[in-house]
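Try each task before reading its solution.

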Amino acid sequence: MFQQNISMITKINLLGFHSSHNLNYLLFTILLLIYCVTLCGNLLMVVLVTYSRDLHRPMYFFLTQLSIADLLLTTDIVPIMLHNLFHKVRVISFFGCIAQFYIFAFCECSECLLLTVMSYDRYLAICNPLRYGTIMSLSLCLKLVIISWVLSFTISTVEIASTSSLEFCGPNDIDHFFCDLPPILELSCSDISGVQLEILLTGVPVLLCPFVVVIISYTYIIFVILKIPSASGRRKTFSTCSSHLIVVSIFYGTLFGVYVLPTKGQSLNIAKFLSLMYTVGTPLMNPVIYSLRNAQIMSTLKLIYMLELLFFIKNFKKCSKKRTKSNIKSRMFL
């Protein structure tokens, strides 16, 4: 996939955030905490849906796939960013930079497609509830997920193949905290117009089309909700898709802010903040939003907590009884 001996650059300096050492340590602590919470939240979501029969539904199945994509994305970006914040030397190999962008592109494409599949699922559940069970079968769920992953892999591979075919002769500084496509292309001394056109064409099925599908799905959903006569019924129906709508708004809002809106006159710090939102913030917020706004997930969490508490109390009583018996026996020997 990658051509050899095409690059004069072997190492790249990730400049990251321009701040003092004390502020870097503060950012390191905050990001490390966010990373740990993100890993625990998304892993917990996957475990809950896998082992709880009450959550064996299409919506939660798609949610586990979204959590897996979030785990891959945050693990691809955050550890290198933490290393750069903690050490003065912020160097990454050229191949490592390309590999980081490859995983990043794969995760972002998969999240776009999975969020689109989830919006279609909510459309069927609200607009066509009587046929929802027959249409959204297990085989269809598996097909939609497999198509999303395979299409993401194909598109990201095409992007990397076209990008790695360029010549890169420096300078080898990237004023960003990870290897994104625009700063990588700025390092090239080749004609990048063909690569930009190719990436634009491949971006249509993974960004524009899914966004249109999401807009159409929620347009129909809103019309159906407005037709419900009672306010409580409208509130209850909207609550089933409000979490997904919040996640979609944050994800697409930051993506469009970075890649679609004009960058002239835009502060580099604003661009970094927006990039931080969809690379670090969204993987953190997804499990939090879906769990806090979903009564079924919260009830499952409470049930598991109660079972763990009962298990702990039971073991504690057994240990206390054993200690009491051992103390009695020791006194008898005395």
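**Exercise 1.** Find what covers the buried residues of helix 5.

*Solution.* Start with the buried positions (under 20% relative accessible area, 1.4 Å probe, protein chains only). In helix 5 they include Cys141, Val145, Trp149, Ile155 and Ile160. Next, look for contacts, meaning heavy atoms within 4.5 Å. The cover includes helix 2 (58-86), helix 3 (94-127), helix 6 (181-186) and helix 7 (193-226).

This is a predicted model, where local features need pLDDT of at least 70, side-chain atom pairs count only at pLDDT 80 or more, and totals for chains, interfaces and linings use all residues. Residues are numbered from 1 along each chain as its sequence is written, and side-chain values use heavy atoms, with hydrogens and water left out.

**Exercise 2.** Check the span of helix 5 against its 27 residues.

*Solution.* Helices are DSSP runs (H or I, at least four residues), numbered from the N terminus. The expected span is 1.5 Å times one less than the number of residues. For residues 138-164 that gives 39 Å, and the end C-alpha atoms are 39 Å apart, so the two agree.

**Exercise 3.** Locate the salt bridge that a search of the whole structure finds.

*Solution.* Look for a side-chain nitrogen of Lys or Arg within 4 Å of a carboxyl oxygen of Asp or Glu. The search returns one: Arg122 with Asp121, at 2.9 Å from N to O.

Definitions and conventions
Helices (H or I, at least four residues) and strands (E, at least two) are DSSP runs, numbered from the N terminus. Buried means under 20% relative accessible area, exposed over 50%, partly exposed in between (1.4 Å probe, protein chains only).
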